[in-house]
Amino acid sequence: MENGARRTEDGRPSVAVVDYRAGNLTSLLKGLSAAGAHAFVSSDPEAIRGAAGIVVPGVGHFAATAAIDEGLRAAIVEGAGHDRPLLGICLGLQFLFDGSEEAPDARGLGLLSGRCTFLRGDVKVPHVGWNTLERKRDSALLVGVDSGAYVYFTHSYAAPITDACVASTAHGADFAAIVDDGRRVFGVQFHPEKSGEDGMRILRNFVALCR
Amino acid sequence: MPLAKRIIACLDVRNGCVVKGVQFQDLASAGDPASLARRYNAEGIDELVILDVTATIENRRALTDTIRRVSAELFIPLAVGGGIRAEADAEAALDAGADKVALNSAALADPSLVTRLANRYGSQAVVVAIDAKRDRERFAVFSRSGSAETGRDAVEWARQAAEVGAGEILLTSIDRDGTRAGFDCEMTAAVSGAVPIPVIASGGAGTFDHFHDVFTHGRADAALAASVFHFSEHAVADLKAFLDARGVPVRRHSC
């Protein structure tokens, strides 16, 4: 299949994983494929515009998102919230917001309002390991996932709890573990591709929205 | 519930086969890392470590094949250690499907390797493995699979490793390794209290009480064992139920 077609011949929706050289994408591609997607890595705005869904991955420092240039940024934002579901994972979730105190000069996508902050409290940071989701309201991503489900985190900064937060997690303080703006812009602070069966259910729920 | 204490199974692998203490009666899974990984995953293991115990050049291809096979259908974190000497070794392991690499002798020889890998892949992908042994009041660090004394102290080296970019410390007690006499809780607590990053305790697991001790007195964030999980078919699930009943937070998984 050519990158850019929304569906493969066997009916798998194409999901573009935005490449900005932020970490290793092998596990994520494997997870998306297992969830039913035809996942491909791209930094080409046209290929991203042609996909049925977009994933913004990311590990490491918020400043790394500076590698997402204006053309790429436009390709991500344009379709998002309409017919092309968008999922930010880990740093990708934080990038959906206005910005982060980790890199005050770097501009987030601004699809969700608020700024990300360092995890504070009498706890070890980075927050690494399995922690629980506390559901706050329903979301298409959470179909079949119980409140209290464990998912795998690894991060030092987190997004605030706003109206977009559909599940929170506590580490020192509560932060947004899953966001859903109601217009198919989603984010997960944890790594669904490393979060066992519940993580895979969340990926399948996302892929099911991509068509 | 707070952050769960992680239970990690280690697969010691040589030429694509698990070599340590496999006592499963089901011959189909004995020795095969992918079958063993599936089994542990079904039982609720939180993470897997593949340790290449030979780590020779000739075995690198066998190792990447093993990583590929183990990670193909596993959706929990997978770390790979043993013979990660250069960026290219880390790249091969991560490209094959590992989520983290564990550096030991190479990090001691050149701490900037930790920084380079952390910059490229993120700190969460870089574990510094420390093998240490009690030496009077201190914890002496050894390299080259425990054969070479480095003159370094585990607490001080762990602190430096965290500073240069390690995301986690995998701390093995050489004194306890293979003894089943319990983790070295004192050493684990000393290191865990000195660094802001998670510490995985290793070496000495023999009973469920040993895990309880290392998570409480030892202040470990995770505990790793190899053969202890081969004792019975439901060791991982039973261990988690044991810890849960004693107030230690553990992940209960759905399957």
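A: Here is a short chat about a strand, a sheet, a helix pair and the contact between the chains.

Q: Where does the model come from, and how are things numbered?
A: This is a predicted model, where local features need pLDDT of at least 70, side-chain atom pairs count only at pLDDT 80 or more, and totals for chains, interfaces and linings use all residues. Residues are numbered from 1 along each chain as its sequence is written, while chains are lettered from A and ligands numbered from 1 in the order in which they are written.

Q: Is strand β3 of chain B buried or exposed?
A: Six of the six residues of β3(B), residues 47-52, are buried, so the strand is largely enclosed by the rest of the structure. Buried means 20 or more other C-beta atoms within 10 Å of the residue's own, with C-beta atoms placed from the backbone. Strands are DSSP runs of E with at least two residues, and helices are runs of H or I with at least four, numbered from the N terminus.

Q: Which way do its residues point?
A: E47(B), V49(B) and L51(B) point one way, and L48(B), I50(B) and D52(B) the other.

Q: What does β3(B) pair with?
A: Strand β1(B), residues 6-14, runs parallel to β3(B) and is joined to it by six bridges; D12(B) stands opposite L51(B) there. β3(B) also pairs with β4(B), residues 78-81, in the parallel sense over four bridges, with I50(B) opposite V80(B). Pairing takes at least two DSSP bridges between the strands.

Q: Switching to chain A, what's the strand order in the eight-stranded sheet?
A: The order is β2-β1-β3-β4-β13-β12-β11-β8, in an open sheet with mixed pairing. β2(A) and β8(A) stand at the edges with a single partner strand each, so one side of each has no neighbour in the sheet.

Q: And how many bridges link β1(A) to β2(A)?
A: Five, in the parallel sense. F40(A) in β2(A) is the bridge partner of A16(A).

Q: Which residues of α1(A) and α5(A) meet?
A: G31(A), L32(A) and A34(A) in α1(A) meet M200(A), L203(A) and V207(A) in α5(A), where contact means C-beta atoms, placed from the backbone, within 7 Å.

Q: Last one: how many residues does each chain give to the contact?
A: Chain A gives 29 residues and chain B 27. On the side of chain A, the largest share is six residues from β7(A).

Key. Buried ≥ 20, exposed ≤ 12 C-beta atoms within 10 Å, placed from the backbone. Contact = placed C-beta atoms within 7 Å.
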